[in-house]
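This report describes a single structure, from its sheet and core to its ligand shell and loops. The sequence and the coordinates are shown first.

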Amino acid sequence: MKIEVPKDRSLRLINSGNVVMVTSAYKDAANIITVTWQVPLSHKPPLVGISLANQHLSTELIKKSEEFVINVPDFSILDKVVHCGRVSGRDADKFTQAGLTPLRADKLMKAHVILECIGYLECYVRDVRSFGDHTLFVGEVIYAKAEEELFKDVWNIEKIKLIYHLGGVFFTGSESIITR
Ligand SMILES: Cc1cc2nc3c(=O)[nH]c(=O)nc-3n(C[C@H](O)[C@H](O)[C@H](O)COP(=O)(O)O)c2cc1C
């Protein structure tokens with residue numbers, strides 16, 4: 001037997017991509033937003049979508065700067081991830097408040113990368129679409145980096161735990177199954 005899931009909760013059934021922290025900057029403002037709604041879109045070129053609520057500061061900064069970084073946190077910094085998902089950059093400098101270190105990106109001129117994250121993808125905005133109360137940014141990955149001892153073609157989940165979000169509840173994968 002299955003129970004009806006209210007439409008406003010329905011996306012939680014598929015809401016299991018790993019949680020990321022998207023950084024953006026424009027003029028004097030630099031910001032971090034926690035994002036679950038991220039989706040790979042294309043291999044060639046490598047495209048990724050992030051869906052951000054219209055009212056967020058990050059939405060404004062990315063529209064203006066036309067670039068963003070997707071930083072990959074692991075479970076050890078969950079408290080910082082949650083903080084950046086609860087506080088708006090309109091009210092606080094989240095790098096300082098969360099104790100995260102901004103570093104110059106390798107290719108992008110405005111957005112920073114987060115030192116404490118285990119990898120990142122630097123993206124130029126290639127398309128912007130409005131859907132309901134969210135804005136979908138399509139980014140082309142122009143450069144990406146990951147911790148050498150943690151990523152060899154895939155994340156080594158024996159050594160790290162990615163963060164997954166079900167909505168109020170977080171979980172982490174505990175088992176890897178190799179099919180190749
Ligand atoms: C685990 C988690 C995941 C989130 N995922 C998203 C998301 O995918 N899209 C979004 O617009 N907001 C998401 N949020 C909410 C924003 O991170 C939050 O509203 C943030 O404070 C907005 O920051 P800003 O105004 O500084 O940009 C999430 C929050 C948490 C805690």
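In which loop is Pro45 found? Pro45 is found in the loop between β3 and β4, where helices (H or I, at least four residues) and strands (E, at least two) are DSSP runs numbered from the N terminus.

## Basis of the description

The model is predicted: local features need pLDDT of at least 70, side-chain atom pairs count only at pLDDT 80 or more, and totals for chains, interfaces and linings use all residues. Residue numbers start from 1 along each chain, as its sequence is written.

## The sheet

Seven strands form an open sheet with antiparallel pairing, in the order β2-β1-β5-β8-β9-β4-β3; two strands pair if DSSP finds at least two bridges between them. Because β2 and β3 stand at the edges with a single partner strand each, one side of each is left without a neighbour in the sheet. Neighbouring strands are turned by 35 degrees against each other on average, direction ignored. The axes are lines fitted to C-alpha atoms, for helices over the stretch in contact, and angles run from 0 to 180 degrees between N-to-C directions.

β5 (residues 67–72) and β8 (residues 119–131) are joined by 6 bridges, and Phe68 has Cys123 as its bridge partner in β8. β1 and β5 pair over 3 bridges in the antiparallel sense, with Met21 opposite Asn71 in β5. Helix α2 lies across β1 (20–26), β2, β4, β5, β8 and β9, and runs at about 55 degrees to β1.

## Strand β4 and its neighbours

On one side, β4 is joined to β3 (residues 38–42) by 4 bridges in an antiparallel arrangement, and Val48 is the bridge partner of Pro40. A hairpin of 4 residues connects β3 to β4. The peptide bond between Lys44 and Pro45 is cis, with omega about 0 degrees. Most peptide bonds are trans. β4 is also joined to β9 (residues 134–146), antiparallel, by 7 bridges, and Ala53 stands opposite His134 in β9.

In a regular strand the side chains alternate between the two faces of the sheet. A residue is buried if 20 or more other C-beta atoms lie within 10 Å of its own, exposed if 12 or fewer, and partly exposed in between, with C-beta atoms placed from the backbone.

In β5, 6 of its 6 residues are buried.

The largest nonpolar core has 34 residues, of which Val20, Met21, Val22, Phe68, Val69, Ile70 and Tyr120 touch the most other members. Such a core is a set of buried Ala, Val, Leu, Ile, Met, Phe, Trp, Tyr and Cys residues joined through C-beta atoms within 7 Å. The elements that give two or more residues to this core are β1, β2, β4, α2, β5, α3 (78–84), β7 (112–114) and β8. Leaving aside neighbours within four places in sequence, Val69 is in contact (C-beta atoms, placed from the backbone, within 7 Å) with residues including Val22, Ala105, Leu108, Tyr120 and Cys123.

## The ligand shell

The ligand is surrounded by 21 residues, and the closest are Trp37, His56, Ser58, Gly85 and Gly89; a residue is near a molecule if its C-beta atom, placed from the backbone, lies within 6 Å of it. β2 (29–35), β4 (47–53) and α2 (57–65) are the elements that give two or more residues to this shell. The largest share, 4 residues, comes from β2.

By class, the shell divides into 9 nonpolar, 10 polar and 2 charged residues. Here Ala, Val, Leu, Ile, Met, Phe, Trp, Tyr, Cys and Pro count as nonpolar, Asp, Glu, Lys and Arg as charged, and the others, Gly among them, as polar.

## Exposed loop residues

Most residues other than glycine have a negative phi. Lys27, in the loop between β1 and β2, has a positive phi near 50 degrees; with 9 C-beta neighbours inside 10 Å, Lys27 counts as exposed. Asp153, in the loop between β10 (151–152) and β11 (154–155), has a positive phi near 75 degrees. Asp153 is exposed, with 6 other C-beta atoms within 10 Å.

Terms used
Contact = placed C-beta atoms within 7 Å.
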